[in-house]
Amino acid sequence: MSEVVDAPVKPAFEPASLHPMRGEDGEIIQIRQFNLWYGASQALFDNNFSIERGLVTALIGPSGCGKSTLLRCFNRMNDLIDNLRVTGKIVLDNADIFAPNIDVIALRKRMGMVFQKPNPFPMSIYENVVYPLRIDGVRSKSRLDETCERALKDAGLWDEAKDRLESSALGLSGGQQQRLCIARAIAGDPEVLLLDEPCSALDPIATAKIEELIDELRGKYTVIIVTHNMQQAVRVSDNTAFMYLGRLIEYGDTNTVFENPQRPRTHDYVTGRFG
Amino acid sequence: MDNVTTDQAAIRPIDAPSAVVRRSPATALSARGEPFMWALGAALTIGIVMVIGFLLFVFWNGLVTFIPKPVAVVTLRSGAMVAGEPTRPELYRLSPDAIKALPPAEAAKVAVNGGYGHRTLYRIGNYDLYNEDFRWVSDHDVDKIDYPEEMVFIERLEWGVFVGRIRSVKIGDRDLANPTPKDPALVAAHKEARARWQTIRRIERDLIGRVNHDLEVLRLDVRRAEIKHGPASTQAEKARLAEAAQIPSLKSEYDRLTGEAVRLNSIAQLNTVTLADVTGKEKVLPLSSLVRFYPANNLSFFDKVSIYLSRWGEFLSAEPREANTEGGVLPAIFGTVAMTLLMVLVVAPMGVITALYLREYAKQGRLVSIVRISVNNLAGVPSIVYGVFGLGFFAYGIGAHIDDLFFPERLPAPTFGTGGILWSALTLALLTVPVVIVATEEALSAVPRSMREGSLACGASKWQTIKNIVLPRAMPGIMTGIILAMARGAGEVAPLMLVGVVKLAPTLPFDGYFPFVHLERSFMHLGFHIYDVGFQSRNSEAGKPMVFVTTCLLIAVITFLNLAAIVIRSRLKRQFAGNQF
Ligand SMILES: Nc1ncnc2c1ncn2[C@@H]1O[C@H](COP(=O)(O)OP(=O)(O)O)[C@@H](O)[C@H]1O
Ligand SMILES: [Mg+2]
């Protein structure tokens, strides 16, 4: 992690308000003048804001506004896409994650990611959870067992899964699979959890469980959650970023963004007038 | 619409059908697509019937070949007698002279048939006496057909089968006159003679073979030392001394073994059997040269079953004799299986690695597209071209260099510089690698993107993702490719004829001599065996039933290999099939 950010870049606008916990732990990720192009078409325009450590930040906005694109920049999953180009910076711990000498694998290990559709591997539940340790070459049975238990407990799946750790993960229900994916994401002991619409493929009960879980993860991890469900954003997040057509329109404390938005477009969106 | 029709009807005669209202039945049908469905169904049915018919035909002919058949003794009107197994009847056109020679009643029958008559092919055997194995007998010349109980069908080591009677048997100084084939004394003596014959063969082939092998190794040691260090060097001198020191003991061992073989042979000569053909012509043979004999017209059901099974046993477990038309095909089974497995060992990693590179690592662009198209087109190259390539590149190219480098002492006799099982396997691997590449690429691209992303997001490297997630997930598809490649490779004959398959391989590619695996050796193959037996032997009529039996066996071997692979694949598949609803 080399490139040190010399001076704090001034955000494009002053956040209206931020969550009361702000300042205790500071910012973990800073997004500075960040632009992104898929080939010739620009998907993100001049984004400037910071994610706060230990809080739950929701990214909301109409479909296609670039929420997933931005989320996937944080752990550089976008590297898989040809012809992708970025300018500006995303800074994690004083280092630009797009700098050429960044160890992408180490970066991804600091960021657990959960996708829209549950994607458990075709292995046992146990192997799914300890996968991040396996790829690190961890052999110690006790350490694997311990991690598996901790991660499953953190993900609220331990009681349901403890008697069937060796059976295939594909036999779990959709909601259980998604919690398994969360367990897998936190087994590697990341600092940040990136959740890309984690509940969009789930039924209301499974969704409620995941939301409860996110609430419990607050403080242990910095959570960034993309959601198209505004009630969900209100329920789980501390800060909310509203994006529109690749631009950050408004960012601040969730209650403020929803109850007293500063921008007319945010107002229209959160009151359901469009989107 | 209605209006238009009414208007048109108004200006036309009332009974003229309106083109707008009435569709022709043909249009209706083709619109519904039913003729296509029928055509598809018919094509499918024809295809299935052809496949099943073909399999039934081959298997039926293969399975009945070994059933013992009765021996007919045909007395012709001329008084001549023919004895043999009736093989098949046929219609044929009689020459005018032949018709003239027939009695009026028979001539009338032929005339009714428009000049055609019936004839039957008999397997008469006794090639040493008659110079033919089969004879056509016109049904119109037959006076009578008997099935005498004492007729014996004899399979011999040489000259094919004998059909006739057993006159007498000499066992040491004991004589049996007119014994039946089931005479216990005869059966016991025969068993003993066969056991002795096996011993002689073992001495001549294995024991003397080992002595010869040891002598050859010593000679090659000397030669190698001479080539490497010069004929006058101390090393060469040492090798020569070592050879000289060992030769006497090997020579005396050789003499002892040949003496033993000669002794056993002289005992064998004392046990003979005198056979007579149907006309009374006699033939004396050592008892040990009879492989199997039975009274063809006096067999119980149980006898027939045991002869049938013993023939299958010999076929599956013995070496061929009589220019491959008799005996067994064990070396060919072994060669086919060994070569196919060797090919799979080569083609599987080669194809999978190539596909992995093309799909996962190479930058997708024009170059990769060209490579991909070329690979697909490779599958369309005629297989004989691969044979020519294999001979030129592997045997004469690489093989010759290997000989120069590692086996100079054996030259001018080539070791790797000629066809062999390794070169065959490599040639077939080249021939079948496109199948594996295409299947693997497809399987790789069918692995869901979400799986790869899940793994990468956990901090796995690209290779870890491929190894842990992508490859296991793609394995059933890859296995399908390998199965297809195996099926293609195991049935391929043309290229093998150039790069290592021979009519008769004296030694298997695996044996007890160091280094135990001899991949440079030529080998026998069931596919080539079929061709050789059916079309290259002394008498293709004798080979014909063997063609079916061997074809049966080839299909069975390939089916077995494929089933094994399919079982492995379904195991793999089960691993990925969740019971998710
Ligand atoms: N791989 C890609 N290649 C090209 N364009 C893309 C790609 N992924 C997303 N986009 C485009 O980028 C924009 C933002 O997409 P996305 O981040 O998925 O939106 P959201 O998650 O907010 O619904 C969309 O216009 C989409 O069409
Ligand atoms: Mg999205």
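Which residue in β4(B) is the bridge partner of R119(B)? I looked this up and found S138(B). The model is predicted, and I kept to its limits: local features need pLDDT of at least 70, side-chain atom pairs count only at pLDDT 80 or more, and totals for chains, interfaces and linings use all residues. Residues are numbered from 1 along each chain as its sequence is written, chains are lettered from A and ligands numbered from 1 in the order in which they are written, and side-chain values use heavy atoms, with hydrogens and water left out.

Entry on the sheet. I traced an open sheet of five strands in chain B, ordered β4-β3-β2-β1-β5 with antiparallel pairing, where strands are DSSP runs (E, at least two residues), numbered from the N terminus, and two strands pair if DSSP finds at least two bridges between them. I noted β4 (134-138) and β5 (142-146) of chain B as the edge strands, each pairing on one side only. Strand β3 (residues 116-123) of chain B joins β4(B) through five bridges in the antiparallel sense.

Q33(A) belongs to strand β1 (residues 27-38) of chain A, whereas R76(A) lies in the loop between α1 (67-74) and β4 (84-92) of that chain, helices being DSSP runs of H or I with at least four residues. I recorded R76(A) as buried at 13% relative accessible area and Q33(A) as partly exposed at 35% (buried is under 20%, exposed over 50%, partly exposed in between, with a 1.4 Å probe and protein chains only).
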